[in-house]
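This report describes how the parts of one protein chain are packed together.

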Amino acid sequence: MANTKDDIRKALFDTIPDNFLDPLTLSKPTRETELSGLLAHFHQVGAIDWSGVPLRDTDGNAIGRPCSEVISSTDLVVCEYPLFCMSEDDSRIWGDMRADLLFISKQRSSVVLVENKIGSEFTGNGDNPEAGQLAKQAYFLIAVQERYKSFVDCALVVLSAEGYVKRNWYGGGLRETLQVHKRHEKVEGYQLCWEDILRAIGH
């Protein structure tokens with residue numbers, strides 16, 4: 001059984017199925033960024049059944065709702081998307097940050113920022129709920145809502161291996177971040193497991 005951070009990471013990469021390959025080199029992913037890139041690819045070609053992926057709360061529990069309620073198969077997804085700064089204040093908060101994955105609905109009504117974490121630490125001020133990486137991403141989503149009223153639904157999602165989710169490796173930081181300044185009233189917070197997504201990819 002995988003217990004350490006490195007064990008959990010290795011277990012995830014060891015169980016990646018043969019249908020989750022880079023379409024150009026036919027190689028399996030071996031890094032966090034490669035996982036994100038392939039997820040974007042498989043979403044764009046319609047190969048992920050998001051209705052089969054359970055949403056999980058910040059404690060890691062499935063909440064009885066499918067991810068398709070948050071991420072639609074028709075959403076545009078971009079990988080390593082730069083979070084644009086609209087002012088000097090913005091630049092001080094999230095300047096130069098990139099979203100691992102950003103899902104934007106065609107109707108411009110929802111935006112979902114996915115932070116992919118496979119054993120790595122949060123950047124900047126870490127998981128500080130006031131000014132850490134997730135806090136800066138939450139500020140970005142709130143700014144989008146306030147400036148562009150069409151985006152009524154915003155979510156911040158931490159995507160990780162099941163072992164990390166069960167051990168609350170990242171969920172506690174997400175929960176605390178969204179509680180500060182009542183961010184949870186504007187930004188929904190969820191966790192997703194890579195294992196659930198890999199099972200939902202069509203052959």
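## Strand pairing and packing

Strands β5 and β6 run parallel to each other and pair over 8 bridges. The model is a predicted one. Within this pairing, Val114 stands opposite Val157 in β6. Strand β6 also pairs with β7, again in the parallel sense, over 7 bridges. Here Ser160 is found opposite Cys193 in β7. Of the 8 residues of β6, 7 are buried, so the strand is largely enclosed by the rest of the structure.

Helix α2 has 13 residues and reaches 19 Å from its first C-alpha to its last, close to the 18 Å expected at 1.5 Å a residue. Its buried residues are Glu32, Leu35, Ser36, Leu38, Leu39, Ala40, Phe42 and His43. They pack against α1, β3 (76–82), β4 (98–104), β5, β6 and α7. After α2 comes Gly46, which has a positive phi near 75°.

In soluble globular proteins, nonpolar side chains tend to be buried together. In this model the largest nonpolar core holds 59 residues, and the members that touch the most others are Phe20, Trp50, Leu192 and Trp194. Helix α4 supplies the largest share of this core, with 7 residues.

Phe20 lies in the loop between α1 and α2. Its relative accessibility is 0%, so Phe20 counts as buried. Beyond its neighbours within four places in sequence, Phe20 is in contact with Lys28, Pro29, Leu35, Leu38, Leu39, Phe42, Trp194, Leu198 and Ile201. Phe20 and Gly202 are 182 residues apart in sequence, yet their C-alpha atoms are 9.5 Å apart in space.

Trp194, with neighbours within four places in sequence likewise left aside, is in contact with residues including Leu12, Phe20, Leu35, Leu39, Asn116, Leu159 and Ser160.

## Aromatic pairs and a charge over a ring

How many aromatic pairs does a search of the whole structure find? The search finds 8. Two of the pairs are set out below.

| Aromatic pair | Centre to centre | Angle between planes | Arrangement |
|---|---|---|---|
| Phe20 and Trp194 | 6.0 Å | 65° | edge-to-face |
| Trp94 and Phe140 | 5.3 Å | 85° | edge-to-face |

Trp94 belongs to helix α3 (residues 88–94) and Phe140 to helix α4 (residues 133–147), so their pair ties together parts that are 46 residues apart in sequence. Trp94 and Phe140 are both buried.

Elsewhere, Phe122, Tyr164, Trp169 and Tyr170 form one aromatic cluster. Tyr139 has the charged end of Arg183 over its ring, 4.7 Å from the ring centre.

## Glu130

Glu130 is placed in the loop between β5 and α4. Is Glu130 buried or partly exposed? Its relative accessibility is 38%, so Glu130 counts as partly exposed. With neighbours within four places in sequence left aside, Glu130 is in contact with Ala135, Tyr139, Val180, His181 and Arg183. Two of these contacts, Tyr139 and Arg183, are the residues in which the charged end of Arg183 sits over the ring of Tyr139. Glu130 and His41 are 89 residues apart in sequence and 33 Å apart in space, C-alpha to C-alpha.

How values were computed. Residues are numbered from 1 along each chain as its sequence is written. This is a predicted model: local features need pLDDT of at least 70, side-chain atom pairs count only at pLDDT 80 or more; totals for chains, interfaces and linings use all residues. Side-chain values use heavy atoms; hydrogens and water are left out. Rings of Phe, Tyr and Trp (its six-membered ring) pair if their centres lie within 6.5 Å; planes under 30 degrees apart count as stacked, over 60 as edge-to-face and the rest as tilted. Helices (H or I, at least four residues) and strands (E, at least two) are DSSP runs, numbered from the N terminus. Buried means under 20% relative accessible area, exposed over 50%, partly exposed in between (1.4 Å probe, protein chains only). A charge sits over a ring if NZ of Lys or CZ of Arg is within 6 Å of the ring centre and within 35 degrees of the ring normal. Two strands pair if DSSP finds at least two bridges between them. A nonpolar core is a set of buried Ala, Val, Leu, Ile, Met, Phe, Trp, Tyr and Cys residues joined through side-chain atoms within 4.5 Å. Contact means heavy atoms within 4.5 Å. The expected span of a helix is 1.5 Å times one less than its number of residues.
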